[in-house]
Amino acid sequence: MVNNAGLPTAYEHGKRLTPEGTDVDPILVEIVQGTLASVEMEVETAIARTSRSPMIRDAHDFRAGIHDRQLRKLTGRSYSALVHPVVRDFPIAEMSEGDVFFHNDVYESEGGIGHLPDLCVTVPVFHEGEVVAFVQAFGHHDDIGGAVPGSMPSNARTVFEEGLSVPPIRLWDKGVPNRAALRIMTRNSRMPDSLAADLDAECSACLMGARRLGELFARYGRADIEAAFDTILDRTTETYRREILSQIPDGTYVWEDYAEHDGVDEPQLHTQRITLTKVSDATADPENGRPAGPRLVIDFTGTSPQAKGPINHCGDYVGGNFLKKWLAPILRNLAESPERMAELDVNEGVVPLIEMRFPDKGTLLTPIYPAPTNARTFVILRLLGVLAGVVAKAVDGRMPADQETIRYTGVYGKDRDGNDYLMREVLGGGSGGRYYADGEDTIHVVPDSRNLPTEFTESRFPFVVERLGLAVDSGGAGRHRGGLGYEKHIRMLRDAHFMSIADRSILACWGVKGGRAGMPFSVTIDPGGPDEREVDALADAEPVRAGQVIRIRTTGGGGWGDPLERPYAEVEQDLRWGKVSFEGAHAAYGVVASGGKDEPVVDEPASDALRARLRAEREGAGGQPFFDRGPGYARLADGSAAADVDWL
């Protein structure tokens with residue numbers, strides 16, 4: 001069997017580098033682990049300082065990762081792309097020092113690349129003439145061609161409309177760049193200069209990282225370093241087995257959530273379902289690298305057929321290797337404390353503890369080429385919430401409510417000099433309330449990512465940012481309130497077009513164990529003006545005239561626990577900080593307050609009476625489901641307020 005490049009498809013991966021029980025100096029393990037983290041940070045810092053596009057340099061929407069020669073991820077990031085497709089097409093024995101490999105082809109990435117703007121660079125690390133590791137970087141770039149600026153057409157029906165697909169290629173050969181390939185890629189981009197600069201930054205940074213790791217091998221020797229690699233991953237496996245999986249009772253649990261639209265069909269429920277089975281006495285499966293002991297089986301049967309539009313994700317490759325590391329951070333919420341949770345890394349050590357079972361080809365997670373995928377975040381980000389929800393059913397709600405979902409918004413047109421421009425950013429939203437604390441405001445699911453600085457955007461693009469603050473009342477009500485989303489007002493100085501790739505505009509971030517859903521995403525053009533209109537969350541070219549304002553409100557996180565049990569002092573603080581309005585406090589929290597924002601005064605006797613009445617009304621209505629999806633769910637579910645799986 002050969003692949004499209006005419007090369008063997010079989011490749012070795014996922015195995016140990018040293019026999020079990022190999023002795024290794026614990027001090028050396030700490031040195032190696034610290035060096036890996038340092039090299040990863042140095043690579044990311046170099047990319048941030050030398051790249052050109054706003055998405056890479058300013059929004060920091062990129063990641064570095066370090067992998068061993070068995071393609072196992074060694075560093076503690078929650079996710080990175082995979083080396084598997086590179087080694088599949090280019091055998092390790094045929095690699096040379098100075099080589100740089102490149103790919104962005106979704107269907108040939110083994111699940112590591114979700115959409116074409118994510119460009120991936122991989123550099124092998126050499127010691128004494130042999131490959132011993134890999135340094136990799138991938139990030140979201142401005143434009144790689146396709147039907148619309150930004151390469152994310154919301155109504156794409158095939159991957160061909162989404163831009164240039166590049167299977168794994170040798171972009172640099174022994175230190176010499178392939179100028180022809182680079183010219184092809186930049187020729188297909190609307191932003192050729194920034195694309196060329198970003199690629200140069202990523203290649204140079206990964207080559208630098210490879211040199212740093214080569215120095216580590218030279219200093220301590222290959223045998224000891226590889227033994228340290230195995231120990232690092234073994235520790236992660238044992239930690240998750242002992243501290244995390246032990247918190248989930250044996251049994252089978254089912255839950256599902258939904259994407260609301262795909263850009264082609266009318267809004268509907270695109271189901272992502274997880275059947276979670278926890279088994280404590282699972283037998284060893286050496287062929288698949290799974291040890292005996294506790295294991296989680298994640299079965300995606302029941303997930304909807306692949307969508308016509310671009311919300312599909314290719315997850316069913318290498319046994320779901322990418323998805324295992326993508327989803328595993330959710331499990332850290334089961335740690336004994338928030339402080340311990342922050343200490344837990346997610347690397348290849350989690351992979352043996354999770355078995356994934358996928359439905360047949362032709363679903364949202366198993367799409368058939370050339371199904372479009374540019375908005376696959378609607379699926380893989382929803383899966384984080386589905387896993388959180390199904391685990392919440394198993395542990396009586398000791399998981400956070402639903403979090404913000406990624407969205408891309410921006411404007412494009414001609415600048416003051418008549419040149420084309422594209423401003424696109426990834427505004428964060430609120431995270432879900434937790435059993436011990438409120439959710440966080442305006443966070444982002446991509447670690448270290450951020451909104452674009454106003455000073456930068458106003459100096460570079462023809463608009464003024466008139467407001468950037470918290471969206472009042474956007475966090476779902478609860479004993480622990482959901483985090484708030486952004487409210488941003490952009491006044492255009494020249495005619496332009498607005499674009500948006502966003503979800504959660506109908507279905508809100510769900511609340512759990514009595515908590516209420518947060519506020520959904522919304523965009524309004526010319527609010528309060530003669531041409532005021534709501535814009536669909538999937539928009540490629542919404543016209544905006546000079547002088548008009550674009551108002552963007554991002555999602556608030558779901559609430560955790562009964563909002564009628566939130567202490568009056570905490571509601572009063574929310575009023576003072578402007579996170580909850582007086583009307584919102586009355587309706588959602590049963591709090592009667594007077595005075596102004598600076599000096600709110602809670603009338604406790606009146607609030608006690610109001611809360612008693614609200615509780616009686618709630619009990620008279622027959623109780624509440626364990627999950628609250630908000631009013632938008634009924635719109636897509638034929639009037640049903642909750643799904644069957646929402647009840648315990």
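Start by selecting cysteine 206. This residue is buried, with a relative accessible area of 0%; buried means under 20% relative accessible area, taken with a 1.4 Å probe on protein chains only. Before going on, a word on what you're looking at: this is a predicted model, where local features need pLDDT of at least 70, side-chain atom pairs count only at pLDDT 80 or more, and totals for chains, interfaces and linings use all residues. Residues are numbered from 1 along each chain as its sequence is written, and side-chain values use heavy atoms, leaving out hydrogens and water.

Next stop: select residues 549–553. That's strand S20, and four of its five residues are buried. Strands here are DSSP runs of E, at least two residues long, numbered from the N terminus.

Which strands pair with S20? Show residues 486–492, strand S14, which runs antiparallel to S20 and is joined to it by five bridges. Two strands pair if DSSP finds at least two bridges between them. To see one link, click arginine 491: its bridge partner in S20 is valine 549.

Finally, show residues 522–525, strand S17. Four bridges tie S17 to S20, again antiparallel. Here, threonine 524 has arginine 551 of S20 as its bridge partner.

Key:
Buried means under 20% relative accessible area, exposed over 50%, partly exposed in between (1.4 Å probe, protein chains only).
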